[in-house]
Amino acid sequence: MDYDYLAKIKATISLYTRKKTSNVLDGEFGSIYRGRSFDFDDLREYVYGDSVKDIDWKSSSKTGRVLIRRYIAEKKHNILFICDSGKKFQGDTDAGEKKTDVALNVFGTISYLINNHGDDYALLTSTDQGYDFSFFRSGNQHLENLLIRYDKCLRDEESKPLNETLEYVSENIRRKMIIFIITDMDGEARLNDNLMKRLTVRNDVLVVNIEDAYLTGNRLFDLDKGGYEMDYMLGDKKLHTAEVEDRKKRLKRVSEIYKRYQISRVSVSKESEVVDRVVELFEKHKNDV
């Protein structure tokens, strides 16, 4: 683990905001809270000083107590990162960069922005010993600890399929959250309509896909051998065309699910484009909700 990784992320974000002449990321990040799931949170009993405008008269008449509508803005948000990992992340992206490096950069960039915003966030990953679920906290030490934990999962741990992890979340975590899913083509292929419907009942969901290298590209990493193949299907135009078409079908299927449940999604292929894709993700979510 590069212990200067946090400094690297901070420098990248600072450079981005200087180029944009304003701290655009603060504005973009704040906008993801303007969604259907995060306007109203729950009810609590009226106390002196509360606004009369917030009284929920219908609920009050039913309970015999004066209740006010409490909004999520009154307290910190809970943000959960569900980060895919395992052996499959040892390969490359379609831009020839390490999937582990790109995934860690995506997680670090978004969590850094969340940390600066003052919200509580947690990391859920799958490990050889089961699920690794951190506390919901904030602060630089928390961020560094989660970066180290995710780095270890990416490089050393075997992972359960993404759909099993999401099933675990939908069945066991009841709080209202913003969920960021970091995955790849295999992870998205395992998503289904029923699962995403249950996951989005109370939560807003945003997805970052780490784009996989093509089997028919210039280089192919063999996960079983732990090295690059020299000649396997490389340069075969017919096979490449078939692979491109297959990916289009996969994307169409999952995009229909995302559209149905207002899930925002972007793809990332290299570290240099991470900040741009994160801003794009926030913009999409603002417009989707």
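**Exercise 1. Describe the second largest pocket: what is its volume, and which residues and elements line it?**

Step 1. The second largest pocket has a volume of about 260 Å³. A pocket here is an open set of points on a 1 Å grid over the protein atoms alone, where a 1.4 Å probe fits, with protein on both sides within 12 Å along at least five of seven lines. The volume is the space filled by probe spheres set on the points, which are joined across faces, edges and corners.

Step 2. Its lining counts 15 residues; a lining residue has an atom within 4 Å of a point. Met185, Arg247, Arg250, Leu251 and Arg265 lie nearest the centre.

Step 3. Helix H7 (185-189), helix H9 (237-260) and E10 each give two or more residues to this lining. H9 gives the most, with seven. Helices (H or I, at least four residues) and strands (E, at least two) are DSSP runs numbered from the N terminus.

The model is predicted: local features need pLDDT of at least 70, side-chain atom pairs count only at pLDDT 80 or more, and totals for chains, interfaces and linings use all residues. Residues are numbered from 1 along each chain as its sequence is written, and side-chain values use heavy atoms, with hydrogens and water left out.

**Exercise 2. Work out the sheet: what is the strand order, and which strands form the edges?**

Step 1. Six strands form an open sheet with mixed pairing, in the order E5-E4-E3-E6-E7-E10. Strands pair if DSSP finds at least two bridges between them.

Step 2. Strand E5 (130-133) and strand E10 (264-268) are the edges, each pairing on one side only. From one strand to the next, the twist averages 20 degrees.

Step 3. Strand E7 (residues 204-210) pairs with E10 in the parallel sense over five bridges. Val207 has Arg265 of E10 as its bridge partner. Arg265 is also among the residues nearest the centre of the second largest pocket.

Notes. Axes fitted to C-alpha atoms, helices over the stretch in contact; angles between N-to-C directions.
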